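Visitor: I would like to learn how to read charged pairs in a model like this one. Could you take me through them step by step?

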Amino acid sequence: MALRLQLEPRALRTLCGCPSAVRERLQSELGALAAGLPLDGPLVTGRAGLVVLDSGFRVRYQLELSHRLLRLTHMQPPQAQAR
């Protein structure tokens, strides 16, 4: 099931602060996440959850299935990029 993707301001700032090559990869991974492509585990409904993307970004989210909405609340770059 495809979901609409919404980035909270904090997650959007992280995305905007990435170099363009990293941002493009991250956008592709987030698109796949919203499209419902297989992950390591199922997304948690109704409460905050965490998923680690292939790029190493840790993404905190809130899944609202009744609205078909995946709200990204925070994104943390991989440790190597955070330094």
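Guide: This is a predicted model, and a search of the whole structure finds 3 salt bridges. The general idea is that side chains of opposite charge can pair when their charged atoms come close.

Visitor: Which residue does E8 meet in a salt bridge?

Guide: The side chain of E8 meets that of R71, at 3.4 Å from N to O. Because E8 lies in the loop between β1 and α1 and R71 in strand β4 (residues 69–76), the pair ties together parts that are 63 residues apart in sequence.

Visitor: With which other residue does R71 form a salt bridge?

Guide: R71 also forms a salt bridge with E64, where the closest N and O atoms are 2.8 Å apart. E64 counts as partly exposed, at 21% relative accessibility. Through shared partners, the salt bridges join E8, E64 and R71 into one network.

Visitor: How should I read the pair R25 and E29, and are these residues buried or partly exposed?

Guide: R25 and E29 form a salt bridge whose closest N and O atoms are 3.1 Å apart. Both residues belong to helix α2 (residues 20–34), and because they are 4 residues apart there, about one helical turn separates them. E29 counts as buried at 12% relative accessibility, since buried means under 20%, whereas R25 is partly exposed, with a relative accessible area of 46%.

Terms used
Residues numbered from 1 in each chain as written. Predicted model: local features only at pLDDT ≥ 70, side-chain atom pairs only at ≥ 80, totals over all residues. Heavy atoms only, no water. Salt bridge = Lys/Arg side-chain N within 4 Å of Asp/Glu carboxyl O. Helix = DSSP H or I, 4+ residues; strand = E, 2+ residues; numbered from the N terminus. Buried < 20%, exposed > 50% of the residue type's maximum accessible area, 1.4 Å probe, protein only.
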